[in-house]
Amino acid sequence: MTEIPEHLLKRAAAARDKAKVEPAPAAEEAPGDSRIPAHLLQRSKAAKTSKDAPAAEPAGAVAVADKVGAVVAAGPAEGGVPIGAGPGGHTQRLLTVVKSGTIQDVKAVPVDKVHTWPHLLAAEFVAALACTALTFVFSIFVHAPLLELANTNQTPNPSKAPWYFLGLQEMLTMFHPMVAGVTLPGVGMIALILAPYLDRNPSNKPEDRKFATSIHTVHLMFWAVLVIIGSFFRGPGFNFVLPWVDGLFFEL
Amino acid sequence: MSKIIDDKPKPTIGDRAKDAVDGVQGSQAWSSVFRPGSIFRKGYTDSPRNRSYVIMNSVLYHLHPVKVKRHAVKVSYTLCLGGLSFFLFILLTVTGIFLMFFYRPETTAAWNDINNLQTSVTFGLLVRNMHRWGAHLMVLAVFLHMARVFYHGAYKPPREFNWVIGVILLMLTLLLSFTGYLLPWDQLALWAVTVGTNMMGYTPVFGQEVRFVLLGGAEIGAETLLRWYVLHVLFLPFVIVIFMAIHFWRVRKDGGISGPL
Ligand code: HEM
């Protein structure tokens with residue numbers, strides 16, 4: 001048994017009472033009592049007459065309406081048709097028609113798609129395996145460094161930050177620490193965050209974005225070169241050395 | 001009589017194996033683990049309907065839609081870099097948990113623990129190596145992922161905010177790598193972190209204060225080691241997982257992968 005909400009039960013009871021009080025509202029005045037509003041009847045009648053040749057029998061529409069009215073009016077009295085039934089005894093009504101595209105966003109262009117399984121998952125699986133294999137094999141042959149126990153009193157020469165910070169350390173040799181360690185990386189980070197809001201060009205075609213592409217490449221190359229210099233071309237005292245002459249001063 | 005029995009073809013090992021597999025895969029326990037459409041279920045056949053079910057009826061639905069744009073599965077588009085960053089994170093979590101069993105974040109114990117791990121724990125050296133090289137590889141992968149996103153203009157509307165999440169992920173990745181760098185407590189760790197944190201101290205207004213809180217004192221010491229350990233194994237992984245979840249969710253909500261170009 002489905003639960004019928006209380007307000008609906010009340011509404012049904014009220015309708016039943018009303019039907020009892022004024023029993024079978026006079027089948028005689030059927031056309032007038034039709035549940036179709038008078039002005040709509042009027043309109044359809046007019047339409048019918050104007051569509052048909054003026055000579056055609058104009059009573060057609062009226063006759064239908066008469067019949068409908070009779071059914072509706074007769075309904076409650078006979079008890080066969082539920083209260084509130086529409087013309088022809090329907091218990092549902094068409095309230096409105098929502099055309100596609102008015103409420104929902106209908107994608108007009110179908111996108112060319114493939115199934116994630118197996119097309120994407122298989123590729124991901126292979127990539128993950130290859131990545132594990134690479135790390136595994138590399139780890140068998142190359143060992144992670146473990147130098148002597150940390151000693152705060154003995155500064156190694158040179159002392160280097162992890163490689164991804166060596167660009168910054170490299171800039172320390174050129175600028176005041178405040179500029180090299182804070183201002184420049186800060187500006188860089190903020191510029192990076194703001195990139196999507198600064199770049200107003202809507203196209204993602206490489207040929208339309210030559211400026212953005214160049215400036216980003218220059219930016220990447222700038223850091224890559226600094227990191228490479230800091231990693232391989234800096235020796236004791238963080239002085240410039242040539243790795244093939246003086247050897248490597250670099251630990252990962 | 002005996003002839004009739006002999007006529008029955010003797011089941012080969014292959015037949016027996018197939019029966020056994022069918023028996024297991026048809027059992028209630030097995031079917032309760034693998035939902036309808038799973039490739040591990042009995043009688044899986046390759047049909048469009050089952051291809052959809054593989055995703056829709058499994059936990060993978062949290063990561064992937066049932067269908068993706070055709071160009072998005074070309075390795076040449078993403079170069080798998082975002083996915084590999086994520087996968088390396090998983091690999092680092094697994095190897096990192098292994099390392100945690102043998103490591104104490106105390107200045108008197110840390111170096112010895114690492115040394116013992118390498119010399120007397122089975123696979124200890126291998127797992128430590130994988131953790132270290134995996135970490136460097138992840139930093140590299142995230143950098144390259146960012147570069148590929150930039151060159152594809154994939155940060156343009158509606159993906160601006162996912163780029164911002166990405167920059168946060170980049171910083172978290174660097175912080176994870178940097179906090180881990182200190183833990184072996186050797187000369188390399190101590191002095192690399194000294195150089196790194198000295199730079200931070202130059203930040204105006206709050207630089208010194210932040211440095212003091214992070215180091216647990218004016219200089220690197222026992223407090224620093226404990227703090228960075230907690231940051232490295234608990235706090236930062238927790239935060240980065242949350243941001244990764246938002247990152248992946250946004251990739252889908254922004255209409256999947258960008259492009260084609
Ligand atoms: C821990 C680090 C990160 C992980 C695990 C990660 C993961 C992912 C994954 C799996 C994708 C799907 C596409 C692909 O594989 O290329 C993606 C897309 C994306 N990522 Fe990341 N990402 C990370 C860092 C970043 C960074 C540093 C940025 C940028 C600053 C970024 C920006 C984006 C953007 C904008 C997309 C959408 C790309 C498109 O629609 O083509 N992510 N990320």
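**A loop, a contact and a ligand**

Modeller: Pro158(A) sits in the loop between α5 and α6 of chain A. Bear in mind that this is a predicted model. The peptide bond running from Asn157(A) into Pro158(A) is cis, and its omega is near 0°. Most peptide bonds are trans. Chain B has a cis bond as well, joining Pro157(B) and Pro158(B), with omega about 5°. There, Pro158(B) belongs to the loop between α8 and α9 of chain B.

One more backbone point concerns chain B. Cys80(B) is not a glycine, yet its phi is positive, near 60°. Cys80(B) lies in the loop between α5 (75-78) and α6 of chain B. Most residues other than glycine have a negative phi.

Back to chain A, and to α6. Glu170(A) forms a salt bridge with Arg234(A), at 2.6 Å from N to O. Glu170(A) is in helix α6 of chain A, while Arg234(A) is in the loop between α8 and α9 (243-246) of that chain. Over all chains, the structure holds 7 salt bridges.

Now the contact with chain B. Chain A puts 70 residues into the contact, and chain B puts in 73 residues. About 6,900 Å² is buried between the two chains, and carbon and sulfur atoms give 72% of that area. On the side of chain A, the residues that lose the most area to chain B are His115(A), Trp117(A) and Leu146(A). Together these three make up 10% of what that side buries.

Between chain A and chain B the count is 2 salt bridges. Asp112(A) and Arg70(B) meet in a salt bridge, with N to O at 2.8 Å. Side chains of opposite charge can pair when their charged atoms come close. Polar contacts across the interface of chain A and chain B come to 36 residue pairs, both residues being at pLDDT 80 or more.

Which elements of chain A supply at least two residues each to the side that touches chain B? They are β1 (113-115), α5 (116-141), α6 (166-172), α7 (177-198) and α8 (210-232). The most comes from α5(A), with 17 residues. By class, this side of chain A has 42 nonpolar, 19 polar and 9 charged residues.

β1(A) pairs with strand β1 (residues 67-69) of chain B, antiparallel, over 3 bridges. Within that pairing, Val114(A) has Val68(B) in β1(B) as its bridge partner.

Last comes the ligand. There are 26 residues around it, and those that come nearest are His145(B), Arg148(B), Gly166(B), His247(B) and Ser258(B). Where do the helices of chain B come in? α6 (81-100), α8 (124-151), α9 (160-182) and α12 (222-253) of chain B each supply at least two residues of the shell.

Polar side-chain atoms reach the ligand at several points. The side chain of His145(B) has an N or O atom 2.8 Å from a nitrogen atom of the ligand. For Ser258(B), a polar side-chain atom lies 2.7 Å from an oxygen atom of the ligand. For Arg159(B), an N or O atom of the side chain is 3.1 Å from a ligand oxygen atom. By class, the shell around the ligand has 14 nonpolar, 10 polar and 2 charged residues.

Methods:
Residues numbered from 1 in each chain as written. Chains lettered and ligands numbered in written order. Heavy atoms only, no water. Contact = heavy atoms within 4.5 Å. Buried area = accessible area lost by both parts, 1.4 Å probe. Salt bridge = Lys/Arg side-chain N within 4 Å of Asp/Glu carboxyl O. Polar contact = N/O pair within 3.5 Å; in protein donor to acceptor, adjacent residues only side chain to side chain. Helix = DSSP H or I, 4+ residues; strand = E, 2+ residues; numbered from the N terminus. Nonpolar A, V, L, I, M, F, W, Y, C, P; charged D, E, K, R; others polar. Pairing = 2+ DSSP bridges. Near = heavy atom within 4 Å.
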